[in-house]
Amino acid sequence: MADKVRKTATEALNGVLRDGMTIMAGGFGLCGIPENLIAAIREAGVKDLTVVSNNCGIDDFGLGILLAGGQIKKMISSYVGENKLFEKLYLSGELELEFNPQGTLAERIRAGGAGIPAFFTKTGVGTLVAEGKEVREFEGELYVMERGLKADLSIVKAWKGDAEGNLVYRKTARNFNPMMATAGAVTVAEVEQLVEIGQLEPDHIATPGIFVDHILQGAVYEKRIERTTTRLREAAQQAEHV
């Protein structure tokens, strides 16, 4: 069995990174993002990257730090509303954006990992999303063709993992991570807990180790909240009794 365990994110990415590559980065907003691997990519200084991710983090965290460092050339995303720098760079023409309906983005990634080059969906027919794409009729309904997505590198975050690369995700932090793990030519996973082989409940494993090339236990996790919305305690208590 190949030794997949790496001590640090930098070690895990050694020899993998290069300018102009396509990287898939797991997470939804700031939930379930590979914080340590993103920081290592920032430190490496690679540039002209195409990044496939739900969004681009916020201005000073997550993928936002790669954007701030001028390392990202193009984003393939479904939501970009929390990053002011993203808006500025896109409107000025300094950043390319391929915008996707969120379900379409998820299916494009899943298709890429499954070896499906393209598929047809009703989502986006008759809108800007369908411009320049093949539209075909099936059983009296119009469908637009979408291409599967693959990457040179997928970086994913899981709750637990073992030395074989088997991964267990925690609740909504699962999000895009499992499908991205299948769609990268190289997949690097960071986990909160790295356990011994055999300690993971087989039925809980969402990503089998065959898809993971390198795995590390993350050194630090900030787990920031993208946007905090609270109510005064008195108002919350009154709402409970309504």
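A pocket, on a 1 Å grid over the protein atoms alone, is an open set of points with protein on both sides within 12 Å along at least five of seven lines, and its lining residues have an atom within 4 Å of a point. A volume is the space filled by probe spheres set on the points, which are joined across faces, edges and corners.

This is a predicted model, in which local features need pLDDT of at least 70 and side-chain atom pairs count only at pLDDT 80 or more, while totals for chains, interfaces and linings use all residues. Residues are numbered from 1 along each chain as its sequence is written, and side-chain values use heavy atoms, with hydrogens and water left out.

**Stop 1: the largest pocket.** Select G32, K157, A173, E192 and K223, the closest to the centre of the largest pocket among its 17 lining residues. The volume here is about 250 Å³. The lining has eight nonpolar, two polar and seven charged residues; nonpolar means Ala, Val, Leu, Ile, Met, Phe, Trp, Tyr, Cys and Pro, charged means Asp, Glu, Lys and Arg, and the others, Gly among them, are polar. Strand β8 gives the largest share of this lining, three residues. Strands (E, at least two residues) and helices (H or I, at least four) are DSSP runs, numbered from the N terminus.

**Stop 2: the largest cavity.** A cavity is a set of grid points where a 1.4 Å probe fits but cannot get out. The whole structure has one of 30 Å³ or more. Select its lining, which includes F28, I33, S53, N55 and L63.

**Stop 3: the largest nonpolar core.** Such a core is a set of buried Ala, Val, Leu, Ile, Met, Phe, Trp, Tyr and Cys residues joined through side-chain atoms within 4.5 Å. Buried means under 20% relative accessible area (1.4 Å probe, protein chains only). Select L13, L17, I23, I41, I72, L153 and I155, which have the most contacts inside this core of 28 residues.

**Stop 4: N36.** Move to N36 in helix α2. Why does N36 count as buried? Its relative accessibility is 14%. N36 touches residues including A9, E190 and Y221.

Stop 5: Select residues 135-138 (β6) and 141-147 (β7), which pair in the antiparallel sense over four bridges; pairing requires at least two bridges found by DSSP. R136 has Y143 of β7 as its bridge partner. In the turn, E139 has a positive phi of about 50°.

Conventions
Buried means under 20% relative accessible area, exposed over 50%, partly exposed in between (1.4 Å probe, protein chains only). Contact means heavy atoms within 4.5 Å. Lists of a residue's contacts leave out its neighbours within four places in sequence.
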